[in-house]
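Trainee: I have not worked with this structure before. Could we go through it in questions and answers?

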Amino acid sequence: MLGDKLENAVLITGAGQRIGRFLAQRFLDETDYPVIFTYRTERPAVEELKSAGALGIQVDFTHPNAVHDCCSVLTEKVQSLRAVIHNASLWIDEQLVLQKPELMQAMFDVHVHTPYQLNQVCLPLLQASSCEQKDIIALSDCRTSEGKADYAGYLSSKAALESLMLSHARAFAPDVKVNTIAPGLVCFNEGDSEDYKQKRLDESAIPKPAGMESIWQAVDFLMNSPTSTGSKIEIGQLMR
Ligand SMILES: NC(=O)c1ccc[n+]([C@@H]2O[C@H](COP(=O)([O-])OP(=O)(O)OC[C@H]3O[C@@H](n4cnc5c(N)ncnc54)[C@H](OP(=O)(O)O)[C@@H]3O)[C@@H](O)[C@H]2O)c1
């Protein structure tokens with residue numbers, strides 16, 4: 001802490017559940033970096049992270065001014081950032097997007113507009129870090145390069161996110177490394193039927209979800225790599 005401001009903090013968006021929450025907890029358990037996270041929905045996990053010492057910012061990135069308001073909190077509370085992890089995501093299938101076209105905009109708000117603005121605001125905070133390395137990492141999806149008929153909107157917004165990360169990798173070098181992690185199936189959603197799970201597993205050459213630990217390993221690798229920037233780590237499954 002410098003005064004009452006956080007130094008060398010790690011910011012994770014959408015960390016109220018699943019992968020984001022897992023990463024936030026690992027940073028708290030295994031590093032000295034203060035953790036700041038965003039969440040949209042109040043859940044017991046949010047309170048658990050706050051009780052463990054993380055700073056939570058409630059924000060819905062589809063609301064006008066949401067990113068601006070989130071950035072105001074950041075500049076007020078944070079002296080410097082060690083890393084920014086763009087994890088928040090909307091996974092919406094094509095049928096629903098066709099019924100509610102505004103969901104297409106929502107996915108671009110969360111996956112592209114928010115990282116674009118956050119990166120600009122966070123750049124000076126990352127440059128202010130006393131750590132040798134500074135990182136921006138985005139969570140994308142391994143299917144962006146192939147496309148998928150039933151997730152066209154979702155994948156197109158994630159492809160835009162990947163392109164943004166590449167441009168910012170060039171723009172922010174050599175001070176800040178900017179990389180993408182593009183997983184395939186990491187974990188199932190609560191409520192997925194056994195039939196659905198089996199169908200997803202049958203599509204893969206190795207019929208197992210990658211697991212959240214593999215995302216932590218990729219984050220750990222990127223943050224410790226002195227030169228990896230503009231790269232994409234695919235933790236995807238080879239499809240049968
Ligand atoms: N799980 C997988 O198998 C898998 C596979 C490929 C890629 N990925 C990628 O890995 C990342 C994490 O996946 P996940 O499965 O853990 O995601 P998830 O469970 O869907 O969680 C994503 C988080 O994003 C937040 N979010 C959604 N809309 C938001 C909005 N409008 N404003 C602010 N926050 C919003 C949600 O917040 P609240 O919960 O607080 O509402 C949620 O906690 C995502 O980027 C995803 O695309 C995951």
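Trainee: Is R18 buried, partly exposed or exposed?

Mentor: This is a predicted model, in which local features need pLDDT of at least 70, side-chain atom pairs count only at pLDDT 80 or more, and totals for chains, interfaces and linings use all residues. Residues are numbered from 1 along each chain as its sequence is written. A residue is buried if 20 or more other C-beta atoms, placed from the backbone, lie within 10 Å of its own, exposed if 12 or fewer, and partly exposed in between. R18 has 17 C-beta neighbours inside 10 Å, so R18 is partly exposed.

Trainee: Which helix holds R18?

Mentor: Helices (H or I, at least four residues) and strands (E, at least two) are DSSP runs, numbered from the N terminus. R18 is not a glycine, yet its phi is positive, about 45°. The helix in which R18 is found is α1.

Trainee: Which residues touch the most other members of the largest nonpolar core?

Mentor: In general, nonpolar side chains tend to be buried together in soluble globular proteins. A nonpolar core here is a set of buried Ala, Val, Leu, Ile, Met, Phe, Trp, Tyr and Cys residues joined through C-beta atoms within 7 Å. The largest one has 58 residues, and those touching the most other members are L23 and V35.

Trainee: Which residues are in contact with L23, beyond its neighbours within four places in sequence?

Mentor: Two residues are in contact if their C-beta atoms, placed from the backbone, lie within 7 Å. With neighbours within four places in sequence left aside, the contacts of L23 are I12, A15, I85, N87, I215, W216 and V219.

Trainee: Is N65 buried or exposed?

Mentor: N65 lies in the loop between β3 (55-58) and α3 (66-77). Its phi is positive, about 75°, although N65 is not a glycine. Because N65 has 9 other C-beta atoms within 10 Å, N65 is exposed.

Trainee: Where is P174?

Mentor: The peptide bond from A173 to P174 is cis, with omega near 0°. P174 has its place in the loop between α6 (152-172) and β6 (177-183).
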